[in-house]
Amino acid sequence: MPNAILDPTGATRMSKKAAASRAARRGSLAGARVGLLINTKQNARPFLEEVGRLLRDEYGVASVTDRTKLNFAVPEPEEVIKELAATVDVVVTGVGDCGSCSAAAAADSVVLESAGLPVAAIITDSFRATVEKMAELRGAADFRYATTAHPVAVLTEDQVKERAASVVSEVVRLLTDPGQNDSERADPENAE
Amino acid sequence: MTDLEQAPAAPAAPLDPDAAQAAIEYCYDQGWSDGLPLVPASQPLVDQFLAATKRDPEEVIGSLEQVGRDCTVYMAAVNAAMAGCRPGYFPVVLAAFDALMRERAARGGGFQSTSGPAPLIVVNGPVREELGFNTTGGAFGPGFRPNMTIPRAIGLIVRNAFGVHPHVLEQATQGVPGRWSICVAENEEESPWGPLAEDGGVTGGVSAVSVTLTRTMEFIDNRHTPDHEDVLRDLADSIGRLGPQIFPQTPVALVLCPEHAQMFASRGMSKAGVQDWLIERSGRTAGELRRAGKGGTLRQKGPGGHGEAADALGDEEFHRVLSSRGQIPVIVAGAKTAAISMVVRIFGEWSGQAVPVSEWQ
């Protein structure tokens, strides 16, 4: 009997990730407190601020506050998540336009959703694969997010505003649409 | 050479190439390979790796928190075996991985980055000769088993233990040529100065490994001038060039050939003297940055950045890309055959910490 070929991935050590819960949606954004989680990438601030302005002017949100990610490349620490959960009702984050920051936006989103905050993450369309893999690793295989065409960093001020306007209805849908029901989502079989 | 590094005795039975090929294909089918054939790892082989270190096979030696994965000594051993390392290399692999994980950029998303950075592994001390590292000509390879397989082992650990695969969690736009294959054994014998390990805090000439993440390397061929300041000006030009400037500071590793290093030393320059000369003079003017669309680099806050004050900088104002010796580690490598040195662009900033191999034996 020959020796077995050994697995280098440590598969036996990996525990199955429990399905992450998704925050309950409110029917509309009227009166909601919106938090912008800005990842510091070029044009992320004007992009998200314009989304915030549109949410205030056209969807009746009560307030828009912003905070800057401490490090765009990795998920935010727990205290930031707690602070957001205590001060806002929904979060818009982005713009994910690189390998680490897109994945980090997905990871932040899953944690914020578990903390009860609906999230709309805005990612450039070059980074779908990395966002979906990170969400799957975090137990949210059916994670949904908004995309905008890559690149964003080279857009002019007016082009950024146009982009923000073109994505805002998807942002609203992500923040208000209950999607699949939570009992289906909580089934661990669906999370693999 | 220790017992662990002895080649296995000639087999009693004829070797079976068909079985070997089938095993190699099996490894490809599992998605474990970096594209080149792997050595299929078996328990007896991995046991030899584990015997080369006193560490517990279950000890966790590195974690990538954002993806929820970690690497144990055992997993590193399997990957090192697959990479083609000999068991005796294993403490160097572990020391290199330890040094790599001390890099902030490696822990903070570097493996996922569009930059596709490559670790630069630098080996010092007696282990270079004991394991048969190339310490002279062709320092960046190929041709020598430890120089090629040790960085490959690190790449396989990132792929298999951390689960960072190209096009998925790894999003390199083009990546760095030679990624997972850059391991330089410093030419201490022809260096006029102390080894890099000393600058990383490991003294006494013991074996040690230093690692930083890098983005590219550019050669400086300067072999006809007797004036060492001509060579320094040539180096400063490449160090300060615009292409890599996306932050106010742009650290480099300077890999000097023995001829350049000895020329500087013969003019009375220490390693620190070379570093200080280049820190002072490497950069571009604000106007040059602006004309390349990089005025925003000046406006960044933090070390070396000018913040809002950048807008008041005149076009002729000189912007230095380095501010400390830690941002320009100097290594001596290669043969004394031509005056060709390399500027290696660092991704982030070197931790400044060398790791003694003895910690991992």
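This is a short talk on chain B of the model above, with one pocket that also involves chain A.

Hello everyone. Before the tour, some housekeeping: this is a predicted model, where local features need pLDDT of at least 70 and side-chain atom pairs count only at pLDDT 80 or more, while totals for chains, interfaces and linings use all residues. Residues are numbered from 1 along each chain as its sequence is written, chains are lettered from A and ligands numbered from 1 in the order in which they are written, and side-chain values use heavy atoms, with hydrogens and water left out.

Let's start with chain B as a whole. Its secondary structure comes to 13 helices and 11 strands; these are DSSP runs, with helices being H or I of at least four residues and strands E of at least two, numbered from the N terminus. Along the principal axes, the C-alpha atoms of chain B fill a box of roughly 75 × 45 × 35 Å. How does the radius of gyration compare with that of a compact globule? For 361 residues such a globule would have a value near 21 Å, and chain B has 22 Å, which agrees. (That radius is taken over C-alpha atoms, and the globule rule is 2.2 Å times the number of residues to the power 0.38.) Of the 361 residues in chain B, 55% are buried, where buried means under 20% relative accessible area, exposed over 50% and partly exposed in between, using a 1.4 Å probe and protein chains only. Among contacts in chain B with a separation of 6 or more, 82% are between residues 24 or more positions apart; contact means heavy atoms within 4.5 Å.

Next, a hairpin. Strand 1 (residues 60-64) and strand 2 (residues 69-72) of chain B run antiparallel and are joined by 4 bridges; two strands pair if DSSP finds at least two bridges between them. Val60(B) sits opposite Thr72(B) of strand 2. There are 4 residues between the strands, and in the turn Gly68(B) has a positive phi of about 70°.

Strand 2 of chain B turns up again in the second largest pocket: along with helix 7 (145-161) of chain B and helix 4 (128-137) of chain A, each supplies at least two lining residues. The volume of this pocket is about 680 Å³. Which of its 32 lining residues are closest to the centre? They are Met14(A), Ser15(A), Leu137(A), Val67(B) and Arg69(B). By class, the lining has 10 nonpolar, 11 polar and 11 charged residues.

A word on terms. On a 1 Å grid over the protein atoms alone, a cavity is a set of points where a 1.4 Å probe fits but cannot get out, and a pocket is an open set with protein on both sides within 12 Å along at least five of seven lines; lining residues have an atom within 4 Å of a point. Grid points are joined across faces, edges and corners, and a volume is the space filled by probe spheres set on the points. Ala, Val, Leu, Ile, Met, Phe, Trp, Tyr, Cys and Pro count as nonpolar, Asp, Glu, Lys and Arg as charged, and the others, Gly among them, as polar.

Now the cavities. Strand 5 of chain B gives the largest share, 3 residues.
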